[in-house]
Amino acid sequence: MKKVLVATEKPFAPVAVDGIKNVLDEAGYTMILLEKYTSVDELKEVAASADAMIIRSDQASREVIESAPNLKIVVRAGAGYDNIDLTACNDHGVVAMNTPGQNSNAVAELAFGMMIYALRNGFNGTSGSELRGKKIGIHAYGNVGKYVALIAKGFGMDVYGFDPFVSKEDMKKDGVIALDSVEELYKTCKFVSLHIPANDKTKKSINYQLLSLLPKGGMLVNTARKEVIHEDDLMKIMQDRSDFKYLSDIAPDCLGEFQSKYPGRFVFTAKKMGAQTSEANINAGIAAAQQIVNFFEKGDETFRVNK
Ligand code: 3PG
């Protein structure tokens, strides 16, 4: 009987866990649930008997992969798989997958929640401003970016996008004005919503040069990864431009400096929560369980990321 470890330091909604269990029960698999664990050792201990793993932002490091001799597949219930050591997976014949698109709407909605919270001055009763008629730039037009475009149109915003991997025609079909360069995007749009993955090419790529292009009152909304921000440059732009605000779904490492020097000019969630809705948990969790069953039963490797 296959054992599937669901290892979530930040748990799924209970209804999603039930859904995952149903899929696994039907296939005759056993679910091992490890939630809110506090050490890698705890994770390694249960991983030791797992044939498959479902994780969220949990670290599937080499150490964890190597603690699981029976492991054949690890599925990141979500989009970004920068938390999986793909080289370690390759070395041990482990298939790595993600579940693209399943939690995207939740992330996009949070981006707007943070923007409105910031524009209304933290709901403190003072006069704020509106999204309608403003320009929003979508930096990377993937699954989350598409939902951001859709919602932005509902708010009556002018929507721009930059993504070297998506054709201008595809963006145009969605009513998005595709720009030729990332610089043009930052220069044109007062609001920029960031959706690039964290990898060797993108880490620290959001730098002073780019941020300084934003028009007056510029706001960067980061529901992607904190690693893509050049934090020294971010602090410099905070200092040089008192009109600039930074909103992020997960605090930067330099949180203390923001709190002491720039109150009212940032919004950070307490814990990464873009995908933390029942709907997203159900979608991503059940998709992950189904992908594991399809992999073992049919050899289906759709959404494999370590080809
Ligand atoms: C993702 O990459 O799918 C999101 O960042 C969500 O991450 P989470 O599952 O840890 O909430």
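1. Start with Phe 165. In this predicted model, Phe 165 sits in the loop that links strand S7 (158-162) to helix H7 (168-173). Is Phe 165 buried or exposed? Phe 165 is exposed, and its relative accessible area is 77%. Against Val 95, the separation along the chain is 70 residues, and the two C-alpha atoms are 25 Å apart.

2. Next, helix H12. H12 covers residues 278-298, which is 21 residues. From first C-alpha to last, H12 reaches 29 Å. That is close to the 30 Å expected at 1.5 Å a residue. Gly 299 follows H12, and the phi of Gly 299 is positive, near 70°.

3. Which residues of H12 are buried? They are Ala 280, Asn 281, Ala 284, Gly 285, Ala 287, Ala 288, Ala 289, Gln 291, Ile 292, Val 293, Asn 294 and Phe 295.

4. Now the pairing of H12 with H1. Two packed helices are described by the distance between their axes and the angle between those axes. For H1 and H12, the axes come within 8 Å and cross at roughly 15°. Angles under 35 degrees count as roughly parallel, so H1 and H12 are roughly parallel to each other. Their crossing is right-handed. On the H1 side, the contact is made by Val 15, Ala 16, Gly 19, Ile 20, Val 23 and Leu 24. H12 contributes Ser 278, Asn 281, Ile 282, Gly 285, Ile 286, Ala 289, Gln 290 and Val 293. By type, the contact residues of H1 and H12 split into 9 nonpolar and 5 polar, with no charged residue.

5. Two backbone angles deserve a look. Most residues other than glycine have a negative phi. Lys 36 is not a glycine, yet its phi is positive, near 50°. Where does Lys 36 lie? Lys 36 is in the loop between strand S2 (30-35) and helix H2 (40-47). Lys 36 is exposed, with a relative accessible area of 62%.

6. The other angle belongs to Phe 303. Phe 303 has a positive phi of about 75°, although it is not a glycine. Phe 303 lies in the segment after H12. With a relative accessible area of 39%, Phe 303 is partly exposed.

How values were computed: Residues are numbered from 1 along each chain as its sequence is written. This is a predicted model: local features need pLDDT of at least 70, side-chain atom pairs count only at pLDDT 80 or more; totals for chains, interfaces and linings use all residues. Side-chain values use heavy atoms; hydrogens and water are left out. Helices (H or I, at least four residues) and strands (E, at least two) are DSSP runs, numbered from the N terminus. The expected span of a helix is 1.5 Å times one less than its number of residues. Buried means under 20% relative accessible area, exposed over 50%, partly exposed in between (1.4 Å probe, protein chains only). Axes are lines fitted to C-alpha atoms, for helices over the stretch in contact, and angles run from 0 to 180 degrees between N-to-C directions. Angles under 35 degrees count as roughly parallel, over 145 as roughly antiparallel, 65 to 115 as roughly perpendicular and the rest as oblique. A crossing is left-handed if the near helix is turned anticlockwise from the far one by less than a right angle, and right-handed if clockwise. Contact means heavy atoms within 4.5 Å. Ala, Val, Leu, Ile, Met, Phe, Trp, Tyr, Cys and Pro count as nonpolar, Asp, Glu, Lys and Arg as charged, and the others, Gly among them, as polar.
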